[in-house]
Each structure stands twice: as structure tokens, then as C-alpha cells.
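Please examine the structure shown below.

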Amino acid sequence: MYLKELTEIGGVSGDESRVRDFIASKIKDKVDETHVDKLGNLIALKKGKKNGKRFLLAAHMDEIGFMVTNIEDDGTLSFSPIGGVDPRVVPGKRVKIADKVTGVIGYKAIHLQKKEEIFKVPAFENLRIYIGTDSKEASSKLVNIGDSVVFTTEYREENGRATGKAFDDRAGCSVMMDLIDNIDRYDFDVYFAFLVQEEVGLRGSAVIAEQIQPDVAIVLEGTTAGDNPEVPEYKWATHIGDGPAVTFMHRGYVVSSKVVQNIMSIAQKNGIPYQAKRRTAGGTDAARLAGTWRGVPSGVISVPSRYIHSPVSMIDLNDYHNTVGLVEKILDEGEVFFK
Amino acid sequence: MIETIRKLAEAYGPSGREEDVHRIVLEELKNHIDGYKFDRVGNLIVWKDGKSGKKVMLDAHSDEIGLVVTNIDKNGFLRVETVGGVPPHPYVGQRVKFPQCTGIVYVEGETSQDMKKNFSNLSFDVMYVDIGASSYEEAQKVAPIGTFGVYDSRFMQNGDFLTSKAMDDRVGCAVVIEVLKRLNSPNNTVYCSFSTQEEIGLMGARVAGYDIMPEACIAIDVTASSDTPKAFKRHAMVLKKGPAIKVKDRASISDRKIVDKLIELAEESGIPYQMEVLTMGGTNAAAFQATASGIASATVSIPTRYVHTPSETVHLDDIKNCVNLLIEYVQKGV
């Protein structure tokens, strides 16, 4: 399991190189080929014994974050979100800029706020990052416009649950790395695609289908749990601890019913807990894989994760291990997906 | 042709579940095509061989909007989300048809104030489906989470006005079927795609276009109509004035050469037509234009009242004239 290392690396969309280098260094001796494509996707191949069909597993390396848009006269940094970030979770957080400079996203302390200000959603244009300088000149020596900005949450495990940032989708990346560690050779080729720029519109995956030409794909995700106490149970998307979440539909794609059925029956047969993902908002790279080239029937399996797209989220480690176990069984019975 | 439209429109076929529709299409086309195939995302592609060596394509999407079960509560009531652009209003007190059961859709509210609020801000968040189950387990047996439903609505005819759910885009499917039936020894090879998952983002068409790469492609779909009381002002389209040759909608601008050719052919043959600029919406033409190295594409529309409701209404004259225009185009257009 590589969750600690993976989640503590910064890798905002478009700036995934550190994540990619880490993954590549760990997997390169365990697969037959790796290459980085023109968009920055890392693709690994474990060749099959019969070299006929192709099974693709995919997870995205990028995470939500920010980008420096301007260096102000007082040395503070203006910034803009990369991917979907709720501005309410932003103020008062420590961040890292360009993987080297630490900053704080500042906001007016509660003592100085009027009553009606307190519960207002802050606007990104009113937020600044402070990096301990007092002038544009001083800040310009440390950071550049266009630098990426990430939260700096450390990874922790307690009571069978893990907290950290970027489980969306380092959880998926870690699942794939575990599989690379565990699996034997199959009759068919297994491709592992670690993708870029998912959070800004499924961009990395747009060039994958034509490149690999897989017969089937499973996208591995860290998905929203939504099992907050204030939300009635019938509105939850998933519940952490209930097992990997299987998607039947999301934005832009109704998952091939054959793929969904195969996934669910393999879970049932092997006694692996799973749950249906019970909301349809949000999309994944599966929509791109299905809609490009000649169309790749694509499933989605996710580790349910509370509070995603925020500085800290929580997963159940059983869900994580069951996801690894489920995907391993899926590969063991991979031939059913080619029928 | 009316019977074909009825069969197609009444068939169950929300996005991703188009199999029944495709079965009907194939039955209708038996002995009228030279071949067919299903691709990897479920599109049904049929063809009729021509002599010119050129390929022209017609597209009608086989899916319809719908609802999908996302949650079931302990008393067996379902919660649903939309499949495509489904307005919540027509569903109040309306029935939804799932493959194994039919449900009633209604609005929740514990006080009359709640009710008022929920009705004025109507959304599926405050609506539920009653399938006559008494427990989670009972409901999960007949409408498990992930089950897709469509309007429970029958076909109806008022003179030459035809009404049903899913005229969007089964009327397009019927038009394409009729073109193929009437086309004897076509000049160009005609490919027709009955595409999947249009309503949730033009999914199937991207793949169908990539696969076939025709010289030109026309999507046949429904469009809005502004001939009802206080109808949308900026649109020109009305029923009974002929097929609408689309210039633009929010997703695509039709290939100008195809548009000009359609106008020329309609004028030549005396086929009534109207021009369309739609300020909203989109059709598979947008997907064809942007797939592979790009396909010259346009849309010919059937003006339709009450789009995305259980009572989408079209006029038979427009349908017949649409068929006539498309036959002209596939024979002489490219």
C-alpha cells in the first residue's frame, strides 16, 4: 500500500510529474514496459501469455488544488482553483507552492469579522496566500505566476480508517501499484494507465483509448461518500466501510450493463463486500474511454472517501483492501469481460 | 409508418438500455438492408450498399431520457436521479415504467408550507417513487438501485398530430427506417446509426462516427416548436411547415455545404422545409463534427411540441416531408 507516500506528494492537474516519478520508480522493474505519452500519462504493460486481448486499468494522478495567478504589491499571492474546490474549505489552510515554499491561505480572523460576514462563502478573489514576505520583489524571488499550490496534509491511520488529502485519486493509483506488486501474468495483456488532468475535464484519458486500444477498461477512483450525519441515508452516494463502490451511471456515461453485472457477480462469488454508488453526479475517465476511438466498455470501481476535494478526507482501509482484492479477482476472471 | 412510430415510441429505451429499440429497428429493416452490426458501445449501425464509392450517413439516437433508481428507503420508497435533461414537473403524479414494475412519482412535504416550497422549487431531491413495496428488500427485488425507468405513456393520435413519450428521437428512428425502406439501389452507400446515450452527452455518436467516417452525416432529431400559447419568442420553428434544416444550436453549427444542398434539393423537388436556429440544445451532429478527423455534419429536425415530456407531439406531414428530403439528399447530396 502506497497511500502515505502517494497522498503526501503534491500533484495538481498539469503538474503531476512528482507523482509520476514516484510511481514509475516503484513499478518499472515489475512490469514489462513503461512509457510516458505526450500528455504526461504514465502507461505500464504487463504482457499476457497469449498476447491477444487487452485489459486496461486506469487511475488519475492529479489532485485538485490551486495556481498562483498574480504576485501582489504586498507580497501576497492571488490564486485560482484547479478543479472543483469549495471556497469554504480553503481559508486558514497551510499550502505548498511549487513544491518548495510554504504559505498560509489567509482570511480575516473571527475577532475582526462582523456577524453577517462569518457564514458567508468567501470568494477566491478575496483570498490571498501569505508566504512571509512584504513585497512583490521578495515574493518574486520565491514563486512564479503559474506555480501550482497544494494542501499539505500528512497521512495518518487510526482505528482502521485513514485520513489524508488526495485520496481522489491516489487511492486508485495505490490500488494499481498494489496489483502490480501482487499479480501474476495473465493470458491477456494488462495495461495500467496513470492519468493526468482528470480534475480539469478528463483530459489525459482522452488520448488513451486510441493509444492502447483496450477491449475493456476499469477505472479506479476515490469517490465521494456523502454519508455525513446531516444528510439522510437515502441521499448518500456511498457509505464508508460498506465496500468498494460500483458505478452504474455518472455524468456523460451509462456504464455498460455487462461490465457492471460482471463486476458485481465476481464480488458476490468471492464474498467481497461492495455497494452501488447511489448518486450520478460527477464524471470519471470512463466517460472518455467509452466515447473515444471505437469505444471502450468501461467500468468504475471506487474507494468511498468522505469530504473529497478538501484538505483532508477519510477512507476505510477495509474498503481499500477490498478494492484491491476485487480488482485482483476481476483480473483472475478477466476472460468474462471479453465475451 | 404511424404504426412503426408507435412501436418505437412506446418501447423502453433510456440511455444505455437501448436493446428493445434496436430489436424493433432490425425487425422493421429485415430485407431492406445489406448488413448491420452492433459496435462496442451498443450503437446499431446498418447499411445499404451504393455504387458511387461514397459513404453518406444518417443518424437517429435510439435512447430516450429517463430516471434511474439511486436509493431505496426502509419503507420501500425509491429515490431517483435524472438520465438526461428530465424536467421534474411532468413527473408529478405521473407514472414511471421500470422493466419489472411501474411506480408513481410524487412530492414530499411534512407541512403545507413545505409542500408549497417543494412545488415551487421542484426537483427530484424532494420527490420519490412509490412502487407498492413495503420494505427495502421488497423494492430491491423489482427495482434494484441502478434500475432505469421511462415515462409510462401511450401513443396517441389527434388527426395528423402524433403524441407520445420519446418522439425524441424515435420519430428520427422511424424517419431513417422509412428512408431505407424506400431507397432502391442507392447511389451512395448509406450508413445509418441508431446511436446510444445521446441524451446524456452524445456518447454513442462519437464512436459511430469514428468507425464509419462518411463523407457527410445528417443527424435527424427533434427540435422545439413555437406555435403554442405564449411560446418561446425567438424561435421560428412550427409544426406542419416541413422538416427544419438546422443552421445552429448550442452544440454545433451545421456544415454550410450540406445546409445549402438540402435547401437546393427541397426547392427543386418542391418539398416544404423551414430553417432552424435553436438557441439551446444539441444533437449528435456536434459529436460527428468533433470525432476522428472530423465529419461534415448537419441536422434535419422534426419540430416537436412539449419536448422531454410524456406527450411529445409531432405532425405527420413534417415526418413524411423529412423522409422525402433525406432520400433526395442521400441520392444526390454528396
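Chain B and chain A bury about 2300 Å² between them, with 53% of that area on carbon and sulfur atoms; buried area is the accessible area (1.4 Å probe) that two parts lose on being put together, summed over both. The contact, meaning heavy atoms within 4.5 Å, draws on 26 residues from chain B and 28 residues from chain A. Across this interface the rule finds 4 salt bridges, a salt bridge being a side-chain nitrogen of Lys or Arg within 4 Å of a carboxyl oxygen of Asp or Glu. The side chains of Arg294(A) and Asp211(B) form a salt bridge with an N to O distance of 2.5 Å.

This is a predicted model, in which local features need pLDDT of at least 70 and side-chain atom pairs count only at pLDDT 80 or more, while totals for chains, interfaces and linings use all residues. Residues are numbered from 1 along each chain as its sequence is written, chains are lettered from A and ligands numbered from 1 in the order in which they are written, and side-chain values use heavy atoms, with hydrogens and water left out.

Within chain A, helix H2 spans residues 17-27, and its buried residues are Val19(A), Arg20(A), Phe22(A), Ile23(A) and Ile27(A). Because the buried residues of H2(A) fall within an arc of 165° when seen down the helix axis, they line one face of the helix; the arc is that of the directions from the helix axis to the C-beta atoms. These residues pack against helix H1 (3-8), strand E1 (33-36), strand E2 (42-46), helix H5 (167-182) and strand E12 (189-195) of chain A. Helices (H or I, at least four residues) and strands (E, at least two) are DSSP runs, numbered from the N terminus. Buried means under 20% relative accessible area, exposed over 50%, and partly exposed in between (1.4 Å probe, protein chains only).

The backbone also deserves attention. A cis peptide bond joins Asp168(A) and Asp169(A), with omega about 15°, and Asp169(A) belongs to helix H5 of chain A. In chain B, a cis peptide bond joins Asp168(B) and Asp169(B), with omega about 5°.

Two residues other than glycine have positive phi values. His309(A), with phi near 60°, lies in the loop between strand E18 (298-306) and strand E19 (313-316) of chain A and is partly exposed at 22% relative accessibility. Lys230(B), with phi of about 45°, sits in the loop between strand E13 (216-224) and strand E14 (244-248) of chain B and is exposed at 88% relative accessibility.
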